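Subject: Structure for you to look at

Hi there,

Here is the structure I promised to pass along. Have a look at it first, and my notes follow below.

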Amino acid sequence: MDGCPLGWEFFNAKCYMFVGNQKLIIEEADADCWHRGGALISISDVSEHQFVVSRLRILHTSDEYGVGDYFTSGSFYGGQLFWDSELDTSGRSYWVTNVPPPASSKFTRIAYVWGGSGLGGYGWNVVPSSRPASYICEMTLANAAFRRIEDRSVAYGMDPSDTQHVKRGPLITEEPKDIVVFPGTPSTFIECKAEGYPTYKWRRVSPNGEFQDVTSAMKSRYTLTGGRFTLQSPVETEDQGSYQCSAQNEFGVLVSKPGRITFGFLKSFSPVPPERATAKEFEGYRIACQAPSYYPEVRYSCGYLYFSDVQETDNKKYFCLVTLGVNELWQASTNQPPSAISLGVWLDVLKNNPDPIAPVIYTHTYPSPPIRGATIRIECIAYGTLPLIYTWRRKDGRPFEPGTTISDFSRVLTIPNAEISAEGDYECTVKGTKSITSKVIALTIESRPYFPFGIGDRIADPDKQITWRCKAVGRPMPTYTWFKDGELLQAVHGEIEIQKNVLVIRKVNENRDQGMYQCGASNLYGTTYSYGQLKVLRFAPSFARHPMADSVSIPEGGNFTIRCDVEGAPEPEVIWLKNGAPLGVVGGNLGGNIGMTVDFALVLSNIVQSDAGLYTCQATNSEGQVSSAIQVKVVVGIIMTRPPSDESVLINRTAFIYCQAGYNAQQFDVMYVWRLNGHVINVSLSDGHYRQEFRENQYGLYILNAQYEHAGYYECQAMTTIHSVRAGAMLRVYGPPGAPAGVYVFGPVDATSARLVWTIGSDVHHGSLINFYDVEAEMHLIRPNQWEVVMTDIPEQQAQLQASEMGFRQDQRTVLVDTLLPDISYRFRLRASNSYGKGQEASRPSISIKTDATAPLSAPTNIRGNDEGKVGTLNIQWDALDVSQYGSDNVGYNIYFKKKNDAKEFQHAKVAGGESKSYTHLVGLENYYLEYTVKIGAYNDKGSGPNSTETGVMSAEGMPLATVLMGDCNNYNGSAFSMAWNQVEDTREKLKGRLKGYRIRYYEKDVEDHVWWYDVYGQADSAIIIGLKDNTNYWASVQVMNYAGVGPQGEYRLAETFHLPPQQYPRHVKVFPHTQNSVRVTWQEIMTYYGEEMIQGYIIRVWKVQEDIRSARDVIVDVVSEAIVDGLQTKTVYVLRVLGFSIGGDGHLSPHVYFTVEGQAVPFDPTTTRFCFDHTTCRDSAIGHRASILTICVACVLNFIRRLWIRYA
């Protein structure tokens, strides 16, 4: 008796599946078995164990999946054995070592593991549940009987020609994210997206589960657009909460997972100064950071500052900086979160002279608890005498998870986007000067529920039972709820049963039960949904989608399966006939040489010549009856028991084509050769696109990352030493459509339009009918190889209808392109789109056509004047037409102009040449700087085109008439003087135009033949002339400027520069702490010499190290040798320079001094661009020298401040 679906093996009234081609963690493996209708295997007796071992030995010997562990449902802990949580008191055990694992073993899940041929092959052992492994599923025959119905696709029962147009319910493709709104956020949004052309609604979910619809009318701050809900100026008291999106179409409603909008905050550190910390020199120490209140989290690991080996120079004050942040599971409303800094902790270092100290390890893991999907950091910090060398490994020997990095001198291990498989023991080993110490960090990962395998759709028979199974992976273990069309589903006695994660509808009612179903899995980290659609069908049996072949040859001595893939609702009753007589086979009974599976396939075993004949599959239900027959011939040799069948795959996805031969395995071996369109496939040279493997225990070919060139006829040849057989099938690759063909221009072409005709081949749709076309054009004589879209989104139905109305072939399409330009030679090509997107390939170009010539269709643009024209002229400029806009030959421009508000007609002038861009007209000297109204049009030999809109253009300016009245000239410093003048009124009468600025002319006294000038733009009444000689007299005057030139020269005034500023810079600049936000700066005063002005004081110039000196703040003091600089931040390194000043100007700057408010200057090595703390020598910062503060705990703008403490999770 065998009632198992394809891919399952029958044994002792159960079905078994050995899944070795995908390795999963235990919860995912359990979910896979569950969604298939089974469960992980539970061993009930010795015969079942022997069956499993025998099957695993075959897999091991054939190397089908290789050596590996196979999960079961078993657990072993406390010295007791459990199967699927049920205690096993039988006393049976099949441990691979013949003894149970010790009670101290930290692993509890039982798997079959390879123990070597000397130990009988496979046996039990306990293994990590989070280490991906193969697994074994088992299923009862009762559940197997339902699989044929439960495995139906949404295309079940449809005409094959309609399967590309399957309409279905909404499918949510993007769930709302949890949003954290930081203070000051102007707006935020939460969004969901769904397929199926749905309408969206939003509702707010209260803590007690009640719902309130959210609409734009509720608040003026709310906007709902499609699936996006936008909140302007979020308000915590009004907007914080959970929001849920629903998507609805004609088939039902789905609700999203709730997305939370919450408001983050970061309070201030306590104002109470913390106690001083005391550490011994050359020993390890740590300081704790007492973080302020915050939500949801801050960026600073666990709040400890570590010293591996305390030094005398560590006797300082340390500050803890925290920044509000979110982890990968949240989305922040801003990228500028707030920060806070503590008052600081003084560290007192006590004298000590110990012997070398062995490493003492401290570890921390962040976040706590570790969450799937987050970036997990494991820190390993050792106290001890330097140098310290760190290494990492996984205790079970596995490699690190993909993407894992080790940083900060190997003290931090980071796992980005961590999966549960990252769980396990991580060993950190620290090697000191005289000893090695190790510590194991046990990483346990918790998880929001997720579905490795969804609940899928159900295509049900009326009045029949359906079962939906739902299993999510979650830690802690999730609880389950069921929904129909967005509403909580309630059990109805005798009709709808809900047992946790199993939904059973006893007798499906079309009116009551059709719709969209969801299974929600929840734990303390949130809720996740899996979606499915229930359709109820009723139709007579049909072989339309899976017709039987007319005949087949089967191998003598071999086995063969004749499939009967009939569809019908209710599910039909099937009988098999041979030569017109019933065979009397029963579904699931495979005991003889002829039997029938539960899915109606006829199985012939140990085939003999008498098995030849006409076999008929007859199917009957309440809606009708149908039969299909196949002529069976028995041949000696090899035949295809499962030949390739036509397959379809989405581009960039994976397809599998079966090819299983039947033959006398006692006499022959078989090998397979694959061909694509007649060419042998060399798998090793296929760039990874092909792989020959087994799937569901049958041989075949994987086509990985399928491309359109992989579509075609695949032929499989199975060969023994004396026999050969071939069979093939088509692989269709779905995706955006291919290129249309045969594009040509039909009929007459006028100045702006042409009719295009093209052909659509049957092979270009790529699995989805074309919806739209784009027309691209090339002006190949003036812009070769530049294709532009001239018509977009042409509906397929429109192009097809027009072609039909005009008498074109059924495979042809046509459209009138009416956006062309005249007198242009064009080539055209077409690009098609379907539901998968726009085609990557366009058609071949059409032959060239030329549109008719006509008068220009466009007017020139950007009409303007010319500031630099000659007085008495009107200078008009414009942007010339592009050559594509000429429309014909002999192009020129019509210029129309008149004075603004003049009642007279426009004056008219012509400018020849399409490239022309300007025109000048004499208007008379008296008409300087007057506004004229101008419009311009283009013309060619076919006529004049439209004019531009009227634009105001000013005539040219005259030379200014006004003379500038000078003020005083004064000494400014040793290289500059200042001067002032009376402003000239900016009027047409005085300036004969508009003010451009002022020109300053100056020269050294008694050197009149060497005049310099300097322009000041815009309205001004003073200027400073720099770059002069010290202690020198200059003559200076000012002239006004407009855009025509400069006005009359005014009177000259005498100016003088001071002696030089201080030529020495202050030396011995030192910085000392003063208060929390200020420092005391000292320096050695400077002396002035002959030729220098008397010193007046000093300037302390200070700025942040990450900024430019141009942002510096100056602190000005008298002639002193020290000063206080306040208003400083405690978390920043500053740069300071000191200079003296006098009336002669600023003196030279002292060298850079780097400092923080916590202490004195920070030395800097310009050869390495490194800062050297505590005046130690700048040298390599590897672990080999006596560095004390671990860099993973220290960061600032440039990651160099050992006195600031910033940690990042």
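Let me begin with helix α1 (residues 26–35), which is mostly covered, with seven of its 10 residues buried. Here helices (H or I, at least four residues) and strands (E, at least two) are DSSP runs numbered from the N terminus, while buried means under 20% relative accessible area, exposed over 50%, and partly exposed in between (1.4 Å probe, protein chains only). The buried residues of α1 are Ile26, Glu28, Ala29, Ala31, Asp32, Cys33 and Trp34. After α1 comes glycine 37, with a positive phi near 100 degrees.

Before going on, a word on the source: this is a predicted model, in which local features need pLDDT of at least 70 and side-chain atom pairs count only at pLDDT 80 or more, while totals for chains, interfaces and linings use all residues. Residues are numbered from 1 along each chain as its sequence is written, and side-chain values use heavy atoms, with hydrogens and water left out.

Next, the aromatic rings. Rings of Phe, Tyr and Trp (its six-membered ring) pair if their centres lie within 6.5 Å; planes under 30 degrees apart count as stacked, over 60 as edge-to-face and the rest as tilted. By this rule there are 38 aromatic pairs. One of them is stacked: tyrosine 1002 and tryptophan 1012, at 5.9 Å centre to centre and with 25 degrees between the planes. This pair links distant parts of the chain, 10 residues apart, with tyrosine 1002 in strand β86 (residues 995–1004) and tryptophan 1012 in strand β87 (residues 1012–1017). Tyrosine 1002 is buried at 9% relative accessible area, whereas tryptophan 1012 is partly exposed at 33%. Elsewhere, ring pairs join Phe76, Trp83, Tyr94, Trp95 and Trp124 into a cluster.

Arginine 228 lies over the face of phenylalanine 189, 3.8 Å from the ring centre. Likewise, lysine 935 has its charged end over the ring of phenylalanine 906, 4.6 Å from the centre.

Finally, a sheet. Three strands make up an open, antiparallel sheet in the order β50-β55-β54; strands pair if DSSP finds at least two bridges between them. Because β50 (560–562) and β54 (594–596) each have a single partner strand, they stand at the edges, and one side of each is left without a neighbour in the sheet. Three bridges join β50 to the antiparallel strand β55 (residues 602–604), and threonine 561 has valine 603 in β55 as its bridge partner.

Best wishes

Key. A charge sits over a ring if NZ of Lys or CZ of Arg is within 6 Å of the ring centre and within 35 degrees of the ring normal.
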